[in-house]
Amino acid sequence: MRDRLNTVRKSKVPGPLIDHWIRPEIRTLSHYHVPDATGMIKLDAMENPYSLPDSLVDEWLERLRELELNRYPDAGAEILKEKLSGYLGLSPDQEILLGNGSDELIQIIAMALSGPDRVLMAPEPGFVMYRLIARSLGLRYVGVPLVQDDFHLDQTAMLKAIEENNPAVIFLAYPNNPTGNLFDRQVIESIIDATNGLVVIDEAYHSFALDSWIGDLGRFDNLLVMRTLSKIGLAGLRIGMLAGAKSWLDELNKIRLPYNINALSQASAVFLLEHGEVFEQQAAQIRADREQMYARLESIPQIEVWPSRANFLLIRSRLSQVILKRLKKNNILIKNLHGSHEMLAQCLRITIGTTEENQAVLDTMKELI
Ligand SMILES: Cc1ncc(COP(=O)(O)O)c(C=O)c1O
């Protein structure tokens, strides 16, 4: 037996093994880079700058004490789903699917819809994970340019792209990242009507826009709405939710990995959603600070800033790379968008932080300009 095994020959592959086995579309991708932010004012990832109030921390830790970590979490996260249905204001015929962040939900949707020559479509510039996930799962990605200047949806281009590519799914971030604007409702409706694919409205920044499509779910049979707890102050829990008709979600649920929401996250979210007013107050503060920051940036010569309905601002400046470097020197991390898309030349994205953090950004800019 041993001798026979020894005589089995490995078949040869042409060239390096990695090139042979890893699909070419993955070989050409780059890993999603997260810079080290140790000791820095972190304004690059649209996190909420406020931590949990001290008054809640003890009570929260007390809840965690009850957990049996030797057991798998509730596979269906039923208690959390019930809490979230109330939080989202869903009607009884609407369901929820949870993901390890909305990133995982995008992946689940793309996995379920992928196939030869299937297309995932999104406006550009947009959230990079749509493209990255589409490519990694063998879907053809079609990015439809927004209209330069104010980044509104190009209705004609979108409808033409739908006709030409028959997308399996269209992602529309509402508000859009990194441009911060809300797309026109009527244009979105015309897109939902024109496509026979699924449309996912990604409301990651809902708390800062206070405008939603959840109330419209019943009007369309090809619409789902996605939200996340990340931007309201719970990014560390990794909880994303997809809301819509049971028929769609039942299918997607078949490929969700069991136990994708861990026990610590489930228990924490259930507890923290009982204190939703804390996050609402923080979001209100961020919205007010965003408006103040917008006005201040607008008054700085050589800086162009776009109005935003999210918790970040997009700016453009001839001095973008100098600003970036100086902020870094002053221990402030923001997102460089220059080079990421042709419409974002000389652009930077600044997450709204605490009032003091925002002031630190403004002080650095005034030092320079
Ligand atoms: C538009 C949009 N959707 C989804 C996400 C991902 O959120 P999550 O933390 O839930 O994976 C982001 C994160 O930046 C985003 O900008």
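Start by selecting phenylalanine 151, which sits in the loop between strand 4 (140–145) and helix 8 (155–165). Helices here are DSSP runs of H or I with at least four residues, strands are runs of E with at least two, and both are numbered from the N terminus. Phenylalanine 151 has a phi near 60 degrees, a positive value in a residue other than glycine.

Before you go on, know that this is a predicted model: local features need pLDDT of at least 70, side-chain atom pairs count only at pLDDT 80 or more, and totals for chains, interfaces and linings use all residues. Residues are numbered from 1 along each chain as its sequence is written, and side-chain values use heavy atoms, leaving out hydrogens and water.

**Next stop: two cis prolines**

Select proline 175, in the loop between strand 5 (169–173) and helix 9 (185–194). A cis peptide bond joins tyrosine 174 to proline 175, with omega about 0 degrees. Proline 178 also lies in the loop between strand 5 and helix 9. The bond between asparagine 177 and proline 178 is cis too, with omega about 15 degrees.

**Next stop: the ligand**

Stay with asparagine 177: an N or O atom of its side chain is 2.8 Å from an oxygen atom of the ligand. Now show lysine 231, where a polar side-chain atom lies 2.9 Å from a ligand oxygen. At aspartate 103, a backbone N or O atom lies 3.0 Å from an oxygen atom of the ligand. Which residues are the closest to the ligand? Among the 14 residues that surround the ligand, they are Ser102, Asp202, Tyr205, Thr228 and Ser230; a residue counts if one of its heavy atoms lies within 4 Å.

**Last stop: where the domains meet**

Colour domain 1 (31–46 + 277–368) and domain 2 (70–274) separately; these bounds come from an automatic or database domain assignment. The C-alpha centres of the two domains lie 25 Å apart. Their contact takes 24 residues from domain 1 and 30 residues from domain 2, where contact means heavy atoms within 4.5 Å.

The area buried between domain 1 and domain 2 is about 2200 Å², with carbon and sulfur atoms giving 64%. Buried area is the accessible area (1.4 Å probe) that two parts lose on being put together, summed over both. Select Phe279, Arg309 and Met343 together: they supply 34% of the area that domain 1 buries against domain 2, more than any other three residues.

How many salt bridges link domain 1 and domain 2? The count is zero, taking a salt bridge as a side-chain nitrogen of Lys or Arg within 4 Å of a carboxyl oxygen of Asp or Glu.

How values were computed:
A polar contact is a pair of N or O atoms within 3.5 Å; within protein, one must be able to donate a hydrogen and the other to accept it, and residues adjacent in sequence count only if both atoms are side-chain atoms.
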